[in-house]
Structures are given as structure tokens and as C-alpha cells.
Amino acid sequence: MAQHNGAEALRCENVHKTYQGGEIALKGVSITADKKEFVGLIGLSGSGKSTLLRCINRLVEPDSGKIFLGDKEITSLNKKQLKLMRRDIGMIFQEFNLINRMTVLQNILSGRLGYVPLWRSTLRKFADEDLEKAVEISELVGMKPYLHKRADALSGGQRQRVGIARALIQGPRLLLVDEPTSSLDPAIGRDVMKEVRRISKELGVPVLISIHDVNLALDFADRIVAMRDGEVISEGEAGEFNQKRLEDIYQYKI
Amino acid sequence: MAELESVIPKKSNLKRNIWLLAFALVFVWSVWGIFVVETKWSNVGTIAQVLRAIARFFPPNWGYVLELGQATFDTFLIGLLGTFLSLVLSIPVAWFAAHNISPFVPICYPVGRFIMTISRSVHEVVWALIFVAALGLGPFAGILALSLRSIGFVSKMTAEQIEDIDYRPIEAIRAAGGSRIDEILWGIIPQILPQFIGTAIFQWDINIRRATIIGIVGGGGLGLLFSIKMQAYQYSDATAVLVAILVLVLAGEYISTKLRSMIS
Amino acid sequence: MEATKPTQPLNVVEHLEEHKKRRFFYFLSGIGVLILIFWSFYYLNIPLARFFFMLGPIGHKINQLFIWPDFGYINNLGMLQSIVETFQMGIFGTFVGLALCVPLAWFASFNMTPNKILLYPLGRGVIIGSRSIYELIWAILFTMILGFGPLAGSLTCVLATIGFSGKLMTEAVEAIDMGPVEAVRASGAGEIETFFWGVLPQVQTSWTGIGIYGWDSTFRMATIMGYVGAGGIGMYLRETIEMLEYEKTGMTLLVIIILVIISEISSAWARNKLS
């Protein structure tokens, strides 16, 4: 890992996680992501991709191992520091995780919750600059015309765009993306991937994306990390992954 | 025949018949107790006397419509305010008694459940008696009685709705660095608000009905008017009160049904 | 899911104004509700200040009612008899009420009613009447007509059961699957046979559940019926309050709460047993 020295944005070292039921999700995973890098996590469902993502912002508490964002160790933060750290890590979800009864604008603004004081979040009154930023970002993801629609009136692809906007308004230094396409039609999923890649390159934010669709991963990711049974079994540039290597990963003829 | 019995087993019938017999005996015992032991039929009088007693209530006297309207409006307001107060009081109870957000489960959860049980087990008339004793006669005792009686139902429904919420938006709020209060304000409240309003309307409908009775023990409104008229032997006036109650309750039921169908 | 139509393009400032306009609207409605509530308090002549003074007396009263109930008070024959009487009223009311509910719910259901002109309004009328006029008012009327005692109370319990269970049972009938009903009709059955073979099997389970809930509510009713002289333990509430013997009131309340909890436990047991 020495070759990434200085340039790496995210570093996970030997992360372990066993769930309460005794199910072992991660068996010592170590990965890195460079600044501006778009890393695709591939593997069958149950291989630990989602758990790894959630360990990074500690939605799931890892049992052991260290995780660094820049030079800050996430795994050693206390509760308050963790909240502040989470503002720097945007997350995009498989099922969008929007607040259905709120408008698109309010959903985007909910990404600012880590920044605003309690009285503002209680009264849902945000500063003008937050509002302006929300409108700006909605334009970036093409949702500006729908700002005052309720989230449950949108199509799946539109909802995912709101999810992206919500992650972006945090001003993240890292984007965690969990299966963004599997609740969407294939064509729309491809659009969303294109969008995530474009924005990450535009803003210079590294992306760690879990995705079970190998073709999408190969088309969009700079680098691929393949997981199986809670372990990293293969990693390299997207171009290095040929048919044979993929078949080994999936233990299956493609 | 033997073949038939092997297909249709007879065993369960015996147990059922024992239960039925037990129920029948208990019922007969009750009838015997009420009609034979406790009722002095000479006091009830002949059918003609009973009919005459009924006839005293007719025709209703509409001579005091203004007073009646005033009492109806009072009852309406008592029901409304009692419901409103119960909603406010139910929020902390529901918060304590919802397993997933209860601030400290080992203590708060049983406390919340206990408040629910007491609120529901004590009849509204008993609640009213307590508050009339503490506050004196008047609508305020009625409002407090209604609200205490309603906490149980409202907070139980709300706690169940909170326990059934969708966790995905909350995960997103947590991932964005939101606090626990943000999770409640942004993740939970928007999800349960429509159901909460539905519960509130349903409870309001019931409370209008209850408000009519609270007055009898001193809570004001139509109930008070009714008991005054009955004590003054003005039976035809009392009938008018009954009609007013009927109209108020049916109107409340109609409005609440309409409102609830508007929400869903 | 269909995509929504975009609203007309707005610039940033217009978006913010739209957002603020909405917030202002919510703010105004909140203020409106508050004004309404304070006006209602004012209109009903409620001295809110008294509320805070109440905390003193109510603590005192509760102290009298609950901290030192006169436990010995239960040890008198009248009280024990009235407990038995309360049970008898509740049982009689529930049984007769439920028995009457069977035809009434049948008559009052719009899909199965055997006669739309006569029986339908009859069923609806009885159920709505028992629901809308509060049970205690019925109790007062019955005591006026039939004299004081458990006879008035048990009739009230019948009406209470009809009011509570009748509507729910009607709704259960209205929710049935009409397929079996048509099949029974097609085989040439009359209205009564259709009810027994097409309707009853479908609503059996939900009616049993409603019946058990009906017992809960009717029994709770029976415990306070005596307050207006219609029999049962409620009589002691009035008596002790009028005599200002709050220790005894406290004991009576305690007994009532225990009785209600016993009845709720037994009905929960029955529900469990059936399901």
C-alpha cells in the first residue's frame, strides 16, 4: 500500500465484523481509495460489501481494525466527533432512503442536518446559503424543476437523483454508494452511474461504490475490489479484469 | 358408520359442549340474580305504569332552544379541547412506550405502558369524579377527565406506529451526521403524522360522545343540562337534550368519517 | 412509477420565495390553531390559573383516594354482593346484547340485509341509537322508567353491547366475500339459509373476537352503572362521595380497577386460546 502514500483519501486496515447472530460479515478487509478515485466493490450478495461501506461511517460498528479518512482515524472517534466526521462522508442508498412525505427541497436539505443547530432543524428553517446551495445542487443532478414535489411522487430514477443531491450538499470528502442501481431499471441505472461518476470527477470526490452488476462496475470504475465471504479476493485496474478473472471471482461461467 | 366416525373425529365436540354448558349456567345464574333476587317487581309496576312513565318524556319541549344550543356548543368545545390536550400529553407517553425510541427502556418503557393501562382501565366518569373533586364543577374538570381517559388509546396507537416505521430515512439522516433528535424530527414525525392525525380525529369523535356524559357528574355542557332537567322532573325538556346529543354525536361521526377518508 | 411533470422553471430566488411562502402558511395555521384554543378556554370561562392551584388539592385528594384507602371497607356484605351483581349485569348484558347483535348486524349490513325498506333502517337505527346516546344516559332513563336497581343496569348493558359490538359486527358482514353467498343462493336457499350458510361461517372468527372485546367494554360499563342507581358496585362511588368518605371512595375505585383488570386478563386469555 506504500505506493498510495500521501494521495490516499480512505484507508481500511484489517476490518473485522461479526453480527450479533454470529454471522461473520468481514474477515479482515483492507482497502484504500485515492483522491478522485472511483472504486467499485464487486461480489455476490452477502459477500460483505454493504457491511464494509457501513463500517466506514460506522452505521455498523466494526469489531476491530482501523479506518482512516485522510489522516483522521474514524474508528477511534467518540460519538460527537463521529457525527462531525459523518458530515464529510456522503452516502447514497440502494432504496434511496428518502423522507417520503417531504418535498425534494427538504430532502436535499436533510443532508445539512449535521451542520445546523437544533433550533433550525426543529423549525426546519435553514440559512439562505443552505437553501441556495440546495437549489444549485438540484440543478447539478437535474432535479431543479421538481424541487417542491413530494418525494413519494417521483420515479425511482428521480428519487435516486435526490439521494445523490442529499449526499452532495454535505460537501463530502468521500462518497459511499450502496448498490445505487439495483432498485432501478437497467437503462436508468446506467444513467445514475454516469451521473455519479461525472459529479465525482467534477467535484474531485473519491467514490467507493458497491455494485453487483459486473458490467456496470467495469464500465464506470477506475479500480475494482472483489470480495467473497467477507474477504478481498482480488483487486486491480478495471481494465485488468478479464473474463477468466471474473469467472474465478464469481465461481461461475459468465 | 364406523367409517364415518374415523373421518369426523368426535373428541373436540365434548370439550366444546362443556364450555357451552358452562356459559349457559353462568348466564342462567345472572338472569336469576338480576330478575329474581335483586328486582322487586312490585316497584317496577304494571306495563301500563311503565308505558305511562315513558309517555312523560314526550313530546320534547323545544321552548329553550337557545340554552340548548349553548350547551351543545360547550360540549363540542369540551370534546375538542379534551382531545387536543390528550394529544399533547400522549406524545411523551408514546415516546416512552415505543420500544425503538424509548429514551431508557428498562425504566421508561414500563412507565409508559403503566400510564396507558391506567388511562384506559379507569372509566371516564371516574376520571371526571376525581377532577371535579379537585377543581370543582365546570368544563375544565371535564376537559382534563377526557384528556386523561384518551391518553391510553392515542399513545398506544402512536407507539405502535412508531414501532412500525421505515428505518431507511433514519439511516440516511444518521449517515449525514444528524443527531438523535434530528432522527425523530426528520425521520419519525413525518412518517407517522398522517396516522397520528387519523387517530386524533377518531379519538375526537369518541370524546364528543364522552363529553355528553361528563356533564352528569359535573363537567358542564349537555350532560349537566340533562341531569338538571331530570332532577327537576322536566322530562320533556330532557328529551330535547337527548335529541341535541343525538344530533351532535351523529354530526361528529359524519365529520370524522369524512375527514379521515380525506387523509387516506 | 410515473414521473411527475416538472413545474415551470424558476430561478433560485423564486424557489426560495416559494419555500418561504409555504413555511409562512404553516406558521399562520399554527398561530390560528393556538388562538382558537385560547379563545375556547376563554369562552368556557376556564380560569387557567386555577389549574396550578389544582395541583395542591388534587395531590391532597389523591392522597385521600389512593394512598390510604380504607381496605376494611371491602369486608362488608353489601360490597361483596354488589360485586357479584356487577358480574351478573355484565354477563347478562353481554350475552343478550350479542344475541341481539346477530340479527341486527345482519339487518344493518347493506350487502346482506334481507329487507331494505323495513329491516335495514331498523337494524341501523337500533345500533346508531345505542351508540349515540351514551350508556349512562340510558341508565338514567331506565331507572326513571323501571325504578332503581340492576334491572335498569342490565338493560343498559344490553344496549351498551349492541352499541359497541353492533357496528363492528355489521362492518364484518359488509366485508365478506360474496362468492360463497352467491353459491348458496344459486342452490336455491332463502334469506335465512343464506345467512346461516353463506354469511355466518365467514364472520364467525371476527364476531367471536368482537364479542370478547364487547365483554371488556360492557363490564367496564357495569362497574360504574351504580353511580346513577342502576345496580352494581358503582353505587358505592356515589354513596361514599356524597358522604365525603374519600377513604372508602378510594377503596371502591381500587376494587373497580382490580375487577376491570381481572376481566381484561380473562378476555386476553380467551383471545389467546382462540387464536
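Where in chain B is B:Tyr233 found? B:Tyr233 sits in the loop between helix 11 (222–231) and helix 12 (235–263) of chain B, where helices (H or I, at least four residues) and strands (E, at least two) are DSSP runs numbered from the N terminus. The model discussed here is predicted, so that local features need pLDDT of at least 70 and side-chain atom pairs count only at pLDDT 80 or more, while totals for chains, interfaces and linings use all residues. Residues are numbered from 1 along each chain as its sequence is written, and chains are lettered from A and ligands numbered from 1 in the order in which they are written.

**Backbone angles**

Although B:Tyr233 is not a glycine, its phi is positive, at about 60°. A residue is termed buried if 20 or more other C-beta atoms lie within 10 Å of its own, exposed if 12 or fewer, and partly exposed in between, with C-beta atoms placed from the backbone. B:Tyr233 counts as exposed because it has 10 C-beta neighbours inside 10 Å. In chain A, A:Asn14 belongs to strand 1 (residues 8–18), and its phi, near 55°, is likewise a positive value in a residue other than glycine. A:Asn14 counts as partly exposed because 13 C-beta neighbours lie inside 10 Å.

**Chains B and C**

Chain B contains twelve helices and zero strands, whereas chain C contains ten helices and zero strands. The table sets out further values for these chains; contacts are pairs of residues whose C-beta atoms, placed from the backbone, lie within 7 Å, and domain bounds come from an automatic or database domain assignment.

| Property | Chain B | Chain C |
|---|---|---|
| Buried residues | chain B: 47% of the 264 residues | chain C: 41% of the 275 residues |
| Contacts joining residues at least 24 apart, among those at least 6 apart | chain B: 73% | chain C: 72% |
| Domain 1 | chain B: residues 2–55 | chain C: residues 12–66 |
| Domain 2 | chain B: residues 65–263 | chain C: residues 69–274 |
| Distance between the C-alpha centres of domain 1 and domain 2 | chain B: 37 Å | chain C: 37 Å |

The radius of gyration of chain B is 26 Å, while a compact globule of 264 residues would have one near 18 Å; the radius is taken over C-alpha atoms, and the globule rule is 2.2 Å times the number of residues to the power 0.38. Along the principal axes, the C-alpha atoms of chain B fill a box of roughly 80 × 75 × 35 Å.

**The contact and the cores**

Chain B and chain C meet in a contact that takes 41 residues from chain B and 42 residues from chain C. On the side of chain B that touches chain C, 31 residues are nonpolar, seven are polar and three are charged; here Ala, Val, Leu, Ile, Met, Phe, Trp, Tyr, Cys and Pro count as nonpolar, Asp, Glu, Lys and Arg as charged, and the others, Gly among them, as polar.

One residue that touches chain C is B:Val126, whose contacts include C:Ile224 and C:Leu253. B:Val126 is found in helix 7 of chain B and counts as buried because it has 24 C-beta neighbours inside 10 Å. Between B:Val126 and B:Val217 there are 91 residues of sequence separation, but their C-alpha atoms are 9.2 Å apart in space.

Helix 7 (124–135) of chain B also takes part in covering the buried residues of helix 9 of chain C, as do helix 3 (77–108), helix 8 (191–225) and helix 10 (246–274) of chain C. The buried residues of helix 9 (residues 234–242) are C:Gly234, C:Met235, C:Tyr236, C:Leu237 and C:Thr240. Just after helix 9 of chain C, C:Leu244 takes a positive phi of about 60°.

A nonpolar core is a set of buried Ala, Val, Leu, Ile, Met, Phe, Trp, Tyr and Cys residues joined through C-beta atoms within 7 Å. The largest such core has 124 residues, and B:Ala128 and B:Phe131 have the most contacts inside it. Leaving aside residues up to four places away in sequence, B:Phe131 touches B:Ala141, B:Leu144 and B:Ala145. Another core lies apart from the largest one and has 80 residues, among them A:Leu10, A:Ile99, A:Leu176 and A:Val232.

Note on methods: Contact = placed C-beta atoms within 7 Å.
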